[in-house]
Amino acid sequence: MQPRNMSMSGVVDLAAVKAAGEAKAKAEQTRAEAARQAGQTGGEGPSAGAVPPSALVVDVDEAGFERDVLQLSAEVPVVLDFWAEWCEPCKQLSPLLERLTLEANGRLVLAKVDVDANQMLMQQFQIQGIPAVFAVVAGQVLPLFQGVAPEQQIRDTLAQLVQVAEERFGIIGLEVDPNAEGAAPAASATDEIPAGPYDALLEAAVVALDAGDLGGAVQAYKNVLADDPGNTEAKLGLAQAELLARVQHMNPQAVRAAAAENPRDPAAQISAADLDLVGGHVEDAFGRLVDTVRVTFGEDRDAVRLRLLELFEVIGADDPRVSAARTALARVLF
């Protein structure tokens, strides 16, 4: 099943727009919790969140991909090694990746995917040949290289990956405890995880999104919010689904031409801003609507302002671009 908010399907680009802020916030929470735990124990002993070195190199299948790769990528960059037993180059590359991952000491995790046993993953990543190496950071898939590369080139690539994860997303990796090998093993992909009260509805919304049924996704999220108006996941999902539904049948060239020809037309600017956001041009979308608020009045201004607030929901209140746009909007309004 595709994961919520980190999907590789049609919403992946939209989810990626806000992934950096979410991942950075989660990383900061993790660090704060680790510091709190250390304070309670006087700094003695391993951190409660420390993992053994064996947890840095794992075999991943389709059933555990959401938890072992996508969810984990909010805490540490996950390198994906697509391999097969019959692949001779794989037998050269995989041990090298394992060694470099262990040397990184928690700044990376290596997830090995046997393509013969996981054909669906191979298709989703559109892999034409192996070995093939990807990375996942904050739910975003990044192609690294295909085939066997020189060790120094691979080292440099992984170092850049670690740097991007830390500087852009605030992800600093996992704490490794070499003495934790005897600890209880992590839950397997088949272990049951207690379901929350709205998990079925939220999963139904994701399934609808994957199938292109945007109306069904919108309704599923609204069903959750009818009982739990403060449900963060449903609010985010609804904002995303409604945005995708609005742009689904747009002609991008016509929309952008209309916006260029009519800079004071609220409807034209609102449509163009929706396209901007879906395309990842967050600041352009916000700036366009702030500028439109500046030159409109009455109901037109209210319509533009409300759409801007809806787009804030898509990105997330903690994103610095949202904070900057809120400040700009306040200056225009007051």
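This is a chat about a predicted model of one protein chain.

User: What does the secondary structure of the chain come to?

Analyst: The chain has 13 helices and 5 strands. Keep in mind that the model is predicted.

User: How much of the chain is buried?

Analyst: Buried residues account for 44% of the 334 residues.

User: And the accessible surface, what does that come to?

Analyst: About 17,100 Å², and 52% of that belongs to carbon and sulfur atoms.

User: What share of the contacts join residues at least 24 apart in sequence?

Analyst: The share is 71%, counted among contacts between residues at least 6 apart in sequence.

User: Now disulfides. How many are there?

Analyst: The count is 1 disulfide. Cysteine 87 and cysteine 90 form the bond, and their sulfur atoms are 2.3 Å apart.

User: Are those two cysteines buried or exposed?

Analyst: Cysteine 87 and cysteine 90 are both buried.

User: Which hand does the disulfide have, and why?

Analyst: The disulfide is right-handed, because the torsion about the S-S bond of cysteine 87 and cysteine 90 is about 80°.

User: Next, serine 94. Where is it found?

Analyst: Serine 94 is in helix H3, which covers residues 88-104.

User: Why is serine 94 called buried?

Analyst: Its relative accessible area is 7%, and buried means under 20%.

User: What does serine 94 touch?

Analyst: Setting aside residues up to four places away in sequence, serine 94 touches Asp81, Trp83 and Lys112.

User: Let's do helix packing. How do you describe two packed helices?

Analyst: You give the angle between their axes and the distance between the axes.

User: What are those values for H10 and H12?

Analyst: The axes of H10 (residues 266-278) and H12 (residues 298-315) come within 10 Å and cross at roughly 10°. Angles under 35 degrees count as roughly parallel, so H10 and H12 are roughly parallel to each other.

User: Which residues make the contact?

Analyst: H10 contributes Pro266, Ile270, Ala273, Asp274 and Leu277. From H12 come Asp300, Ala303, Val304, Arg307, Leu311, Val314 and Ile315.

User: How many of them are nonpolar, polar or charged?

Analyst: The contact of H10 with H12 has 9 nonpolar residues, 3 charged residues and no polar ones.

User: Back to single residues. Where does valine 247 lie?

Analyst: Valine 247 lies in helix H8, residues 232-247. This valine is buried, with a relative accessible area of 12%.

User: Which residues is valine 247 in contact with?

Analyst: Neighbours within four places in sequence aside, valine 247 is in contact with Asp274, Leu275 and Val278.

User: How far apart are valine 247 and serine 271?

Analyst: They are 24 residues apart in sequence, and their C-alpha atoms are 7.8 Å apart in space.

User: Why does glutamate 166 count as partly exposed?

Analyst: Its relative accessible area is 46%, and partly exposed covers the values between the 20% limit for buried and the 50% limit for exposed.

User: What does glutamate 166 touch?

Analyst: Ile171 and Ile172, with residues up to four places away in sequence not counted.

User: Now the loops. Which peptide bond is cis?

Analyst: The bond from isoleucine 130 to proline 131 is cis, with omega near 0°. Proline 131 is in the loop between helix H4 (119-124) and strand S4 (132-137).

User: What is phi for glutamine 126?

Analyst: Phi of glutamine 126 is about 55°, a positive value although the residue is not a glycine. Glutamine 126 lies in the loop between H4 and S4. This glutamine is exposed, at 64% relative accessible area.

User: And phi for asparagine 105?

Analyst: Near 55°, again positive in a residue other than glycine. Asparagine 105 is in the loop between H3 and strand S3 (109-114).

User: Last one. Is asparagine 118 buried or exposed?

Analyst: Asparagine 118 counts as buried, at 5% relative accessibility. It is placed in the loop between S3 and H4. Leaving out residues up to four places away in sequence, asparagine 118 touches Val60, Asp61, Glu62 and Val113.

Methods. Residues numbered from 1 in each chain as written. Predicted model: local features only at pLDDT ≥ 70, side-chain atom pairs only at ≥ 80, totals over all residues. Heavy atoms only, no water. Buried < 20%, exposed > 50% of the residue type's maximum accessible area, 1.4 Å probe, protein only. Contact = heavy atoms within 4.5 Å. Helix = DSSP H or I, 4+ residues; strand = E, 2+ residues; numbered from the N terminus. Areas by Shrake-Rupley, 256 points an atom, 1.4 Å probe, with all protein chains shown as cover. Axes fitted to C-alpha atoms, helices over the stretch in contact; angles between N-to-C directions. Parallel < 35°, antiparallel > 145°, perpendicular 65-115°, else oblique. Nonpolar A, V, L, I, M, F, W, Y, C, P; charged D, E, K, R; others polar. Disulfide = S-S within 2.5 Å.
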